[in-house]
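Me: I have a structure open and want to go through it with you. Can we take it piece by piece?

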Amino acid sequence: MTNIDSARLRAALQDGGEIALLDVREQGEFGQCHLFHANNTPLSRIELEIVRLVPRKDTRIVLTSAGVPGLCDSAAAVLERMGYSDVSISADGPVAWEANGFTLYSGINVPSKAFGEAVEHHFATPSIDPVELKKMQDRGDDLVILDSRTFAEYRNMSIPGGVSVPGGELAYRVRDFAPSPETTVIVNCAGRTRSIVGAQSVINSGIPNRVLALENGTMGWHLAGLKLEHGRTDRYSDGDPSTMEAAETMRARIAQDYGIPSIDHETLATWRAQADERTLYLLDVRDPGEYLAGHLPGARSAPGGQLVQATDFQIGVPSGRVVLIDDTGVRATMTAHWLVQMGYPEVYVLKGGVGPSGDLESGPELRMAGADVPLISPAELAARMETDDVFVLDLGESRLHRKSHVPGAQWAIRTRIAQTGPKLPDSGLVVLTSEDDAIARLAVAETKSLTDAEVVVLAGGTNAWIDADMPSEGDPTYPADENCIDVYLRAYDRNADVEMRMQEYIDWEIALVDQISRDSDVSFRLGPILK
């Protein structure tokens, strides 16, 4: 392990070689101030995230924590135990970063958010404000509202009359929703990025309709004093769109106009064999349900719209090979045409995709094998809670703990239990849980160092507890907003000043385009503007 200062780090990021810059603070801390090209890989989750973000064990990795002591050393030790052989630490903080020419950013998913603002600026993506849209609805205008977020986000809150069509599906399916060229197509998300990129995707698809992004999404709708709907389930129909021929024609045109390369399965096999020499990402951009039904071995689920929205959650080595997979090539090509414009140098579409059959795997992607730890089933825990001295510690996401947890459970961050959680009892039974049991399994050793109590893990975690119809409880005020440092709280996750936070978020997104214009390290490659 070596140390690297900010000047050498900046040179390494610009040399064109494979490198991963990982900021190992918690997401809430990372969101306060970080480098543009940093991937947030919290120490508390690093074992679970690293193989996905940096699959090749001898990739250059640079760890940073904005000067927070101890985090990088601990993360480096974990990575070296896992077999990563080229790990460096940049101990510099924000002052040194700026002194060596870096621009500092707040927020999360900054590359994607900034890209969305750059897309609007470059393409002059048209938009409509919420009040005007409401007037169109009240008049009975011929329009369709397509919600480009995930189905779960749509169900949580949506524009009245909107239909769930996540971003990667928009250009593929829009003709089914707007068969008449007179229909106005409105695309929305929660804020701005997926509205803008989604609307521009539909425009780039070549339909003759008027296409508009809803200005500031559901947040803008709420700030305008308009009512949102909750619990809607309207979504696109499964299977290929009825307008498949037009979608395939669009695919060929987009591939040509934006220079999207494709590879065949034989080339992919060669690249798989070279995965120890060149980083390879196999990303299945279809709907998650399609992925679960059958996907190529080794491929990860990365629905196209969400991939463009959060590239830093999926790609840790920007100069690696990125191969996008679907069934018809349409969704992969549309996703690729955005990644290429974001500046990723090697993005490819797999010809033939998952194919008509072949050697496919079903179910969720494989995860790291869980540590061999003592387990307790939901039924056993429920029985012990009736008679014994039981203390439940939830190490899952704070935002999810607020919504639902095992009754009486307390919360902490896995690698900072003593600092962020309650004092553990000295006797009895301590039960560790998380959404599933992955994080909890990793915390057994640290927990045992803090107590003489028996320590076990809830098998399957809180999800298994809820699935077993066990009682649960929630508290939107615990942990308090200021203690939820494991996540970057969205405006509507907060307990106070929600509208003010929404406006702050919108202002932050809009300001990104000016910020990146002053940053020589940002190299988007936008264009061409299609007519």
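Me: Are F115 and F524 buried or exposed?
Reply: F115 is buried, and F524 is buried too. Buried means under 20% relative accessible area, exposed means over 50%, and partly exposed is in between, with a 1.4 Å probe and protein chains only.

Me: Where do these coordinates come from?
Reply: This is a predicted model, in which local features need pLDDT of at least 70, side-chain atom pairs count only at pLDDT 80 or more, and totals for chains, interfaces and linings use all residues. Residues are numbered from 1 along each chain as its sequence is written, and side-chain values use heavy atoms, with hydrogens and water left out.

Me: How many aromatic pairs in the whole structure?
Reply: The search finds 8. Rings of Phe, Tyr and Trp (its six-membered ring) pair if their centres lie within 6.5 Å; planes under 30 degrees apart count as stacked, over 60 as edge-to-face and the rest as tilted.

Me: What geometry do F115 and F524 have?
Reply: F115 and F524 are edge-to-face, 5.2 Å centre to centre with 75° between the planes. The pair links distant parts of the chain, 409 residues apart: F115 is in helix α6 (residues 110-123), and F524 is in the segment after α23 (498-517). Helices (H or I, at least four residues) and strands (E, at least two) are DSSP runs, numbered from the N terminus.

Me: And why is the pair of W271 and Y348 called edge-to-face?
Reply: Their ring centres are 4.7 Å apart and their planes are at 65°, so the pair of W271 and Y348 gets that label. W271 sits in helix α13 (residues 265-273) and Y348 in strand β17 (residues 347-350), 77 residues apart. Both W271 and Y348 are buried.

Me: Which residues form the aromatic cluster with F115?
Reply: The cluster consists of F36, Y105, F115, F123, W338 and F524.

Me: Switching to S88. Where is S88, and what is it in contact with?
Reply: S88 lies in strand β6 (residues 87-90). Its relative accessibility is 10%, so S88 counts as buried. Setting aside neighbours within four places in sequence, S88 is in contact (heavy atoms within 4.5 Å) with T2, I4, I61, V62 and L63.

Me: Now the whole chain. How many helices and strands?
Reply: The protein chain has 23 helices and 22 strands. Buried residues make up 53% of its 531 residues.

Me: What box do the C-alpha atoms fill?
Reply: Roughly 70 × 50 × 50 Å, taken along the principal axes.
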